[in-house]
Amino acid sequence: MKQKLKSVLIFLIPLSIFGLFIFWPTFNLNMVGDDYLGLWRYHYYLDGHNPTQHWNNFNFFFTDYGPQDTFTAIIHSLVGWTPQYYYATTFILRMLAATSIYFLVKFLTKKTIPAVLAGVFFAVTATGLEATDWSFNMPSYLAISLMCLYFLTYIKALQGNKMILWILTFVLFYITIISQPIRMTFLPLCMVLIEGYIILTKRTKKALLSSLLRITLYVGITVGIFITGFLGNSVGAGETLSVRLHGGWRAVGSNFSVLFPLVKRGMYAVLLLPIAQFGKLFIPDSIIPPGYQLLTTVKSLKIAIPLLVLFSLIVLMPFTTSLKKYKSQFSYTRFIFLGIGALWSILIWTTFNGQELLYTKIQFLDIDAGGMILILLGYWYSTINKKSRLHFPLVLGIIIATLPFITPWLRSPTFLFESTGRYLIVPATGAAILIGVIANIPEKITNQKLLYVALGLFILFHAGITHSYFTHLTTVRSIAITNTIRKSVPRVKNFGGKEPLVFYFEPANSEILHHSLLFGFPVIMGDQYHFYNVWNMAYTEDWNEVEKAYIDGSSLKRFSIPTKPVKLTNIYSFKLDGTNLADTTNETRTRLTALTESHE
């Protein structure tokens, strides 16, 4: 026991010191709107505002957002909205998740350095940074730790076949899912695929029957979770079992109806979004120069050709064997995968040229690189020695890197999430496992060292982007800036009432305004002035919406507020000058009055 604790500390302490340097700017950040929303939602259920059920702390925990809202509510009850405590908790849970990945990869590969690379990559990766930035996502890190512990126990149970290990395995399977269901509902399908892989590789009757039995238990536990819990609302299926059984899940299917007209218009790129999301695990959005946001034929070639050259060099390098074996095996396998890579590059380039595009950011690089990486993984799988222990972790890493995105994809099948999006934090676990596996591939010591250096530089690259991301946020959402701006909005007469309110903010597209106030404005005001009914507020940077709200109320529809003209006395405005938010309500009301008079 002491030896295991020592091994944990040997990895965790240096990692935490390095991590503190990278994440130090977070301790100067204030809370975001969704943090306040989580606490609002907690009270919405627990204070009797949701009529669908008699809610208490126990059954609320089994809703889609129950774990993360409960975490927020617990910390808030102890320290209020002191941001440092939230970010400290998130940091600790992130480092523990990285440590769990380290031990999982070490157990799978039996090597330390590749496991260190995997753990450190997850600790500092720029992928899924919103899970740290938006602190209410902190249960995601706990769920990742539990997932790694689950896989460790599962693999030991496969090897030892002891009843106590299997009982612990299925208990951990259940706990992992309920600890953060919006991130972990992929796990049942993940296990079905893994069991299918075991059946295909072992090809024995005993393996078939054992896997089918385990699949049955996975399905049973999952069905039990959905029957006894309140999951599904986040993808539109409904919160209660009654709603889900009476058409709720059809709403999920209707989300995909938007795909067909897009494909008919030739926008085939939309079908490749899962591959693009995989590419984003490794390639941060911020590396694309502004001039490449809109692609031309020349600019797309400047991305496609270097990617194909890099892919070809990696395939041609003698990573998987000694030089002697490499020369004798320079045969059809490498040429086949070189051809697949070339065909993929041509396919993506032709898809993005001469056809209408759905996106204008970095989807070309994401899809092209994501496909190239998957082809490389397939190449390595086919060339690794059949007796190697790396096949299973390679498959495991690919599954974890791809399947967790299924929940947000069910909700928005045409949306490409940014690389920093919170939905990618669990797939980042799969990416970390893959890095650990790739670091194990070379047989020659020289090749190993070269690859360790290359992966180390790649990890430092991610660490630098992570540090820059949070450093920038301190310039637009620091504690001092946000407190000053939020307190500049005074309590107004109808806060918490039924009459619609309109708040107009200048200047438009202000990054400081967005991060410090507008993101979550209703719940921030509700918390600041202690009122619960926050959804009678429209807040905008668009003057046209203010005019329409005053004249006929049509612009209120966007905020799910009944469309009727808003009283002049219920319209407020503010202008940001530096970090000073000035009240310009009188000027705005005078302007609106003049507008009315001009129409008479």
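Is W134 buried or exposed, and what is its relative accessible area? Select W134 and have a look: W134 is buried, with a relative accessible area of 12%. Here, buried means under 20% relative accessible area, exposed means over 50%, and partly exposed is in between (1.4 Å probe, protein chains only).

Before moving on, know what you have open: this is a predicted model, where local features need pLDDT of at least 70, side-chain atom pairs count only at pLDDT 80 or more, and totals for chains, interfaces and linings use all residues. Residues are numbered from 1 along each chain as its sequence is written, and side-chain values use heavy atoms, with hydrogens and water left out.

**Stop 1: aromatic pairs**

The structure holds 43 aromatic pairs. Rings of Phe, Tyr and Trp (its six-membered ring) pair if their centres lie within 6.5 Å; planes under 30 degrees apart count as stacked, over 60 as edge-to-face and the rest as tilted.

W134 is in the loop between α7 (130–133) and α8 (139–160), while F519 is in the loop between α25 (511–518) and α26 (521–529), so the pair ties together parts that are 385 residues apart in sequence. Helices (H or I, at least four residues) and strands (E, at least two) are DSSP runs, numbered from the N terminus.

Next, pick Y197 and F392. They make a tilted aromatic pair, at 6.3 Å centre to centre and with 45° between the planes. Y197 belongs to helix α11 (residues 187–202) and F392 to helix α20 (residues 391–402), 195 residues apart, so to speak a link between distant parts of the chain. Both Y197 and F392 are buried.

**Stop 2: helix α15**

Select residues 273–280. Six of the eight residues of this helix, α15, are buried, so it is largely enclosed by the rest of the structure. Colour L273, A276, Q277, F278, G279 and K280 to see the buried ones. What do they pack against? Show α19 (363–383), α20 and α22 (425–438): the buried residues of α15 pack against these helices.

Stay with K280, which counts as buried at 2% relative accessibility. K280 forms a salt bridge with D285, and the closest N and O atoms are 2.6 Å apart. (A salt bridge is a side-chain nitrogen of Lys or Arg within 4 Å of a carboxyl oxygen of Asp or Glu.) D285 counts as buried too, at 9% relative accessibility.

**Stop 3: strand β1 and its partners**

Jump to residues 501–506. This is strand β1, mostly covered, with five of its six residues buried. Which strands pair with β1? Two strands pair if DSSP finds at least two bridges between them. Strand β2 (residues 537–540) runs parallel to β1, joined by four bridges; look for Y504 opposite T540. Strand β3 (residues 571–577) also pairs with β1 in the parallel sense, over five bridges, and here F503 stands opposite Y572.

F503 and Y572 also belong to a cluster linked by ring pairs, together with F495, F505, F521, Y529, F531, Y539, F559 and F574. Show R589 as well: R589 lies over the face of Y572, at 4.9 Å from the ring centre. A charge sits over a ring if NZ of Lys or CZ of Arg is within 6 Å of the ring centre and within 35 degrees of the ring normal.

**Stop 4**

The structure holds eight salt bridges. Select E499 and K567, whose side chains meet at 3.2 Å, N to O. E499 is in the loop between α24 (479–487) and β1, and K567 in the loop between α27 (543–551) and β3, 68 residues apart. E499 is partly exposed, at 30% relative accessible area, and K567 is partly exposed at 47%.

Finish with R558 and E545, a salt bridge whose closest N and O atoms are 2.9 Å apart. R558 is exposed, with a relative accessible area of 52%, whereas E545 counts as buried at 15%.

Definitions and conventions. Contact means heavy atoms within 4.5 Å.
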